[in-house]
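Open the model in your viewer and keep the selection tool ready. We will go stop by stop.

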Amino acid sequence: MFKRSRKITVAVAAVFLLQSLTAVTVAGSDSFSETAGGCTPGVCAGNEETTDAGNFAAAGAASVTAEEVAAADTSREMKELSAEYESAEYENNQVLVMYNDGTIELRTYESAKALEEGLGELDSDESVCMYQPNFSYESDSADLISMDRMLDTGGMDEADDSVSVPSDTTAVNPDDVSTADAVVNDTYYPAQWALHNDGTFKGSGGKTVSQAGIDVNAEEAWANYSGKRDVLIAIVDTGVDIYSPELAGHIWTNPNEIAANGVDDDNNGYVDDINGWDFYYNNNVVYYGFEDDHGTHCAGSMVAASNNGIGIAGLADYPNIRLMPVKALGGSDGSGSTLSVILGIRYAERCGAQICNLSMGTQTSDPMLYQVIKNSDMLFVVAAGNNTKGQNNTDLYPSYPASYNLDNIISVANIASDGSLSNSSCYGKYSVDLAAPGTDILGLVSRDKYGYQTGTSMAAPLVTAAAAMVYSNSDRITLADTKDILLSTTKNLGSVAGRCVTGGMLDAGAAVAYDTSRISSRDWQRSVGQGRPHSFGFYR
């Protein structure tokens, strides 16, 4: 029998399995493979990169911790860590393999015995950089919208909202909404407290008394935005309703692909990927309906059409800011896998995305995902995570990928309209960067309807949108500069003082207005431990 090395246990969340992507039969197993291709060469592609661990939930306790992987200095040490996974951790006998050239292969073995033999072969195969379970990813249930509580431009039905926000949350009645004094004329803009909070919004059944000024200062951001270059945001999530008139002007179109001709015109490995790709079902359809509400809601917060007399306003509704839908999660539970998320990230960067929104997370560390993020040039804005079990402090109970100490990650907590930190939001003095509105967030969902969602998944898109505005408002700053600007301009907030690196919340107005002539452009720091400082003064 193949010998496994020492076991180290960490707590993990429940597993949700991604449907199999098996394709080609190989000896003793089925396999799905994808080559590294364009932009970033993959986890171990031809170099001795330092590696750490990634995201979401395994079936049992995971054998490899983030600390162990961060301490691995070479591909050899990374492969040694691969051997620490127990056979039982490989759900459905699936093994995710990364080769030295960056190629990824998902092997599904026919039996436990075949799995053991296969692991032994992988361990001795010098062309293999690393191997691991194909961990499951999910958008937290705290973030999912109740389908009973939605509204459209014709009215709103009030019903139980037990999934997304407390069940007694007050619905917004369009008859009570007035846009007379609003900067934009979108029907529900007065209910978008995250953009402009005048203190009148009532959340959580009227129990949340809003505090004026607890918002991202959107109107100042709009007043100071000029837009000097294009920016492309990848939303790696569930799908996005690309047919909604609220998003139509912002959906990315692949300039090198001819629609519906059945040919991979740009030779990127994906046929007819006109508006993105679905790595959950493995096709070019990026919107199916209700299962894509999570991603659609995130997209609306970013770029929904403003001043069009209907619906909501997105923070970054500008023609030079586009959105690439990358469906990595799906099904009724909003789940995915290491493979779907990694392929989605690689695809996004290969197609030109500069900023990536990841409104997902778990407590399991995933070495391949870590390395893909670490090697990427993109800025990743990541939900800090939701936890209702008293394990909200991610300094003690990490949530991945938000907790990775990588320079190109911004981790975002969730605050309510009264400025309080949400009870479900994760936080961390050293592991979360800033807070943003994420409770009772009114946004776009399927079929041109609107509904509330709550969670760090809702907070992250506002930071992503602000990042896109800051980056595109200057033609001289880098994405690393963009992160520094966002974190140096936060508004001090007592509820998160000592609970995140900055001790404050997103101020998009101050960030967009920031004098970039003060910036000495910098690039991402690739060294382990260069992501977050252990003092607030770094950003002040």
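Select Lys327 to begin: this residue is buried, with a relative accessible area of 0%. Keep in mind that the model is predicted.

Lys327 forms a salt bridge with Glu291, and their closest N and O atoms are 2.8 Å apart. The two sit 36 residues apart, Lys327 in strand S13 and Glu291 in the loop between strand S12 (277–278) and H5. Is Glu291 buried or partly exposed? Glu291 is partly exposed, at 23% relative accessible area.

Next, select helix H5, residues 293–303. Of its 11 residues, 11 are buried, so the helix is largely enclosed by the rest of the structure. Show what the buried residues of H5 pack against: the partners include strand S13 (321–327), strand S11 (231–237) and H8.

Move on to the largest nonpolar core, which has 83 residues. Leu315, Ile321 and Met469 have the most contacts inside it. Colour helix H8 (residues 456–472), which gives the most to this core, with 12 residues. Then zoom in on Leu315. Its contacts beyond four places in sequence include Trp222, Met302, Leu462 and Met469.

Pick Lys491 and Asp215, whose side chains meet at 3.7 Å, N to O. Lys491 lies in strand S21 and Asp215 in a loop, so the pair ties together parts 276 residues apart in sequence.

Finish at Lys483 and Asp407, with 3.9 Å from N to O. Both are buried.

Key: Residues are numbered from 1 along each chain as its sequence is written. This is a predicted model: local features need pLDDT of at least 70, side-chain atom pairs count only at pLDDT 80 or more; totals for chains, interfaces and linings use all residues. Side-chain values use heavy atoms; hydrogens and water are left out. A nonpolar core is a set of buried Ala, Val, Leu, Ile, Met, Phe, Trp, Tyr and Cys residues joined through side-chain atoms within 4.5 Å. Buried means under 20% relative accessible area, exposed over 50%, partly exposed in between (1.4 Å probe, protein chains only). Helices (H or I, at least four residues) and strands (E, at least two) are DSSP runs, numbered from the N terminus. Contact means heavy atoms within 4.5 Å. A salt bridge is a side-chain nitrogen of Lys or Arg within 4 Å of a carboxyl oxygen of Asp or Glu.
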